[in-house]
Amino acid sequence: MYSTSKTSPSPASFNDGSVRMLLAINLIALTTAVWQGWSLAELMLIYWAQSLIIGASYVLRISRLGNYSTEGFRMNGRSVKPNAATKRKTAIFFCIHYGGFHAAYLIFILQDLPPAILLDPGLIACTLGFAINHAFSYRYHRQMDEQGKPNIGTLMFTPYLRILPMHLTIFFGGATGSAGAGLVVFGALKTAADAVMHVVEHRRLSTKARP
């Protein structure tokens with residue numbers, strides 16, 4: 001008989017409080033950008049900061065995994081065992097690879113922005129809002145990690161889906177535009193990606209943690 005002393009959190013849905021909070025912060029960020037007449041690059045800077053927060057939470061999750069799976073996950077073409085060395089190497093690789101992407105993104109975003117933008121109150125407030133939201137999500141994910149058997153490869157690749165709208169915008173050169181339709185389109189894409197990935201991941205973790 002399977003038993004646990006912990007109560008499993010309920011699967012997330014689009015009516016979940018954490019999802020509503022995430023949507024609200026995205027809406028506040030977009031509204032602030034339109035109100036202050038920001039360029040698309042300035043709005044992307046907020047989402048860049050959020051993406052770093054997401055990446056940091058995944059590094060913590062990978063580093064603190066207990067019972068986890070390495071099925072289908074390979075390093076240098078070889079299967080690996082679910083041990084401390086695999087966690088350490090995966091976390092380091094993720095930091096280098098994910099961090100490298102974001103270093104390149106930051107260079108691109110800041111090329112036409114003044115350094116003072118980093119001290120903008122709106123930017124700081126929105127970043128703090130995202131940090132609080134993802135701190136709650138991290139606690140939820142940690143509970144599900146402990147109750148289930150997450151795949152370390154899935155954990156490592158999931159955050160990249162969250163930065164897809166930013167990547168596409170940069171690829172098509174949209175970040176050099178001014179506030180307008182591009183700002184709203186990018187904000188809508190990013191908000192939709194956030195909400196969908198948030199719900200999908202919570203449901204997937206909840207399913208894997210069931211007895």
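Predicted model: local features only at pLDDT ≥ 70, side-chain atom pairs only at ≥ 80, totals over all residues.
Residues are numbered from 1 along each chain as its sequence is written, and side-chain values use heavy atoms, with hydrogens and water left out.

**Entry 1: helix 1**

I looked up Thr32, which has its place in helix 1, and found that Thr32 is buried, at a relative accessible area of 14%. For polar contacts I used a pair of N or O atoms within 3.5 Å, where within protein one must be able to donate a hydrogen and the other to accept it, and where residues adjacent in sequence count only if both atoms are side-chain atoms. The side chain of Thr32 reaches the backbone oxygen of Ile28 at 2.7 Å. Contact here means heavy atoms within 4.5 Å, and, not counting residues up to four places away in sequence, Thr32 touches Trp38 and Gly122.

I then turned to Asn26, which also lies in helix 1 (residues 17-35). Asn26 is buried, with a relative accessible area of 0%, and, when residues up to four places away in sequence are not counted, Asn26 touches Tyr47, Phe130, Lys190, Thr191 and Asp194.

**Entry 2: the chain as a whole**

I noted seven helices and two strands in the chain, taking helices (H or I, at least four residues) and strands (E, at least two) as DSSP runs numbered from the N terminus. Read along the sequence, these follow the pattern α-α-β-β-α-α-α-α-α. Of the 211 residues, 46% count as buried. Among the contacts with a separation of 6 or more, 87% are between residues 24 or more positions apart. The accessible surface, by the Shrake-Rupley method with a 1.4 Å probe and with only the protein chains shown counting as cover for residues, comes to about 11,000 Å², of which 66% belongs to carbon and sulfur atoms.

For helix pairs I used axes that are lines fitted to C-alpha atoms over the stretch in contact, with angles running from 0 to 180 degrees between N-to-C directions. Angles under 35 degrees count as roughly parallel, over 145 as roughly antiparallel, 65 to 115 as roughly perpendicular and the rest as oblique.

Helix 2 (residues 40-63) packs with helix 3 at an angle of about 175°, the axes being 10 Å apart, and the two are therefore roughly antiparallel. Among the residues that meet are Trp48, Leu52 and Tyr58 in helix 2 and Phe94, Tyr98 and Leu106 in helix 3. By class this contact has 17 nonpolar, five polar and one charged residues, where Ala, Val, Leu, Ile, Met, Phe, Trp, Tyr, Cys and Pro count as nonpolar, Asp, Glu, Lys and Arg as charged, and the others, Gly among them, as polar.

In helix 3 I also checked Ala84, which is exposed, with a relative accessible area of 53%. The C-alpha atoms of Ala84 and Ser63 are separated by 8.4 Å, although the two residues are 21 apart along the chain.

The axes of helix 3 (residues 84-110) and helix 5 (residues 152-162) come within 11 Å and cross at roughly 10°, and these helices are therefore roughly parallel to each other. Thr86, Lys87, Thr90, Phe93, Phe94, His97, Tyr98 and Phe101 make the contact from helix 3, and Ile152, Met156, Pro159 and Tyr160 make it from helix 5. The residues divide into eight nonpolar, three polar and one charged.

**Entry 3: helix 5**

Helix 5 is mostly covered, with eight of its eleven residues buried. At its start, a side-chain oxygen of Asn151 reaches to within 2.8 Å of the backbone nitrogen of Gly153. I followed Met156 of helix 5, which is buried, with a relative accessible area of 5%. Leaving aside neighbours within four places in sequence, Met156 is in contact with Ile62, Phe73, Thr90, Phe93 and Phe94, and the C-alpha atoms of Met156 and Phe93, 63 residues apart along the chain, are separated by 9.3 Å.

**Entry 4: Asn76**

Most residues other than glycine have a negative phi. Asn76 is not a glycine, yet has a positive phi of about 55°. Asn76 is found in the loop between strand 1 (74-75) and strand 2 (78-79) and is exposed, with a relative accessible area of 81%.

Technical notes
Buried < 20%, exposed > 50% of the residue type's maximum accessible area, 1.4 Å probe, protein only.
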